[in-house]
Amino acid sequence: MPTRLAWLTDPHLNHVSLHAWERWLAAVSSLDPEAVVITGDISEGDDVVFQLDRLASQIAVPIYFVLGNHDFYQSSIAKTRQRVIQAARDDPRLHYLTDRGPFELQDGVFLVGEDGWGDATLGDYENSLVRLNDFAMIEDFARSEPAHWKRMLVQQGEQSAARLAEKIRRLPADASGVLVATHVPPFRQSCWYEGHTTDDNWAPFFVCGCVGRVLDQASQDRPTCMFTVLCGHTHHEGIANLRDNLIVYTGAAQYGSPDVEATIEITSGKVVFHSAR
C-alpha cells in the first residue's frame, strides 16, 4: 500500500489553463508519490467525472479523493455522487473515499474520508450576511425555499458525520494512526482565512461541526491513535492542534493555479507531514 502521498486541494480544474494543468502535473510527478489525495473542489457538476478520468489517465498512481461543494454545482448532490461513485467503481485508480471504507496504508495506519459540508451547526446562521453561490448553483438548494436551507445544511453535516463515525468504528482497536481527508474544516480552529480563524458570520458555511464532533470524540476514545486531518474549502492554509492526538491541516488554493499542498509519509506507524509550499 502507498506510504508516500501527495496532498492536493481545491484545484478547481474548470478554471485551469492547459499550461497551468501541465505545470501542476509536473509538480505532482516530481514528488514521486505512491498515491494522491485530493480534498475536494475538483471541478463543477458534470465536469467532475471528466476531470477525474483525465487525472487518472495522467497520474499513474491511485487517486483518493472526496468532493467539495463546488463539485455539485450545476447538478444535485445525489446525482453527482451517483455519477462519481460509478466512475470510481469503473476505474480501479479512482477511490471516492466517501463511498469507501478505511484503507490501510501501512500496518496500523489507515486512510478514511468524507466530503463534509458547511452545516450551520456553529456560528450565527440566522443573522449571518453570507449567502454562498451554493444556494443558487446546487439544485437541492435552488429548488427549495430559503426557509429550508438551514435544515438541509444540518442534514448534510449529520450524514457526513454518521458515515465517518462508522468508518472509524470499523478500525481495529490497535490502530496507531488515521489520516482523514475531508473538504470542509471540521473545527472553528481549523477554518483559516488570511491567518485568522472564522467568526460567527462565516462559520455556518465554512465549518462542518458534526464531523468535528465525531473526530473530537474519536480522538478521546482512542488516545493512543493519532488523527491527522486534511481539509480545504477556505483557500487559506493553517494548522490547528486540537488535542495531543488530533491535528488539522487546512490547505491553500488559488483559482487557475493549482499546486501541491504537501507530501505525507507513512513511516513506522506514524503520519509525517511535509509542506510543499
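**Figure 1. Lining of the largest cavity in the predicted model.** In this predicted model, the largest cavity is lined by Asn69, Trp117, Gly118, Leu132, Asp134, Phe135, Leu153, Val184, Phe205 and His233. The volume of the largest cavity comes to about 60 Å³, and a search of the whole structure finds 1 cavity of 30 Å³ or more. Sorted by class, the residues around the largest cavity comprise 6 nonpolar, 3 polar and 1 charged.

**Figure 2. The second largest pocket and the residues nearest its centre.** The lining of this pocket consists of 13 residues, and those that lie nearest the centre are Asn69, His70, Leu132, Phe206 and Tyr255. The volume of the second largest pocket is about 200 Å³, and its lining divides into 4 nonpolar, 6 polar and 3 charged residues.

**Figure 3. The largest pocket and its lining.** The largest pocket holds about 240 Å³ of space. Its lining is made up of 13 residues, of which Trp192, Tyr193, Trp202, Phe206 and Thr234 are the closest to the centre of the pocket. At least two residues of this lining come from each of the strands β8 (192–193) and β9 (196–197), and by class the lining of the largest pocket contains 5 nonpolar, 7 polar and 1 charged residues.

**Figure 4. The open sheet that runs from β5 to β11.** This sheet has 6 strands in the order β5-β6-β7-β10-β12-β11, and the pairing within it is mixed. Strands β5 (103–106) and β11 (238–243) form the edges, each of them pairing on one side only, and neighbouring strands are turned against each other by 20 degrees on average, with direction ignored. Within the sheet, β10 (residues 226–231) and β12 (residues 246–250) run parallel and are joined by 5 bridges, with Thr228 standing opposite Ile247 in β12. Helix α6 (residues 149–169) lies across β6 (109–114), β7 (177–182) and β10, and the helix runs at about 165 degrees to β6.

**Figure 5. The open sheet that runs from β4 to β14.** Mixed pairing is also found in this sheet of 6 strands, whose order is β4-β3-β2-β1-β13-β14. Because β4 (94–96) and β14 (270–275) stand at the edges with a single partner strand each, one side of each is left without a neighbour in the sheet. From one strand to the next, the twist averages 25 degrees. Strand β13 (residues 262–267) pairs with β14 in the antiparallel sense over 6 bridges, and Ala262 stands opposite Ser275 in β14. Helix α3 (residues 77–90) lies across β3 (63–66) and β4, running at about 140 degrees to β4.

Figure 6. Along its principal axes, the C-alpha trace of the chain spans about 50 × 45 × 35 Å.

Definitions and conventions
Residues are numbered from 1 along each chain as its sequence is written. This is a predicted model: local features need pLDDT of at least 70, side-chain atom pairs count only at pLDDT 80 or more; totals for chains, interfaces and linings use all residues. Side-chain values use heavy atoms; hydrogens and water are left out. On a 1 Å grid over the protein atoms alone, a cavity is a set of points where a 1.4 Å probe fits but cannot get out, and a pocket is an open set with protein on both sides within 12 Å along at least five of seven lines; lining residues have an atom within 4 Å of a point. Grid points are joined across faces, edges and corners, and a volume is the space filled by probe spheres set on the points. Helices (H or I, at least four residues) and strands (E, at least two) are DSSP runs, numbered from the N terminus. Ala, Val, Leu, Ile, Met, Phe, Trp, Tyr, Cys and Pro count as nonpolar, Asp, Glu, Lys and Arg as charged, and the others, Gly among them, as polar. Two strands pair if DSSP finds at least two bridges between them. Axes are lines fitted to C-alpha atoms, for helices over the stretch in contact, and angles run from 0 to 180 degrees between N-to-C directions. Contact means heavy atoms within 4.5 Å.
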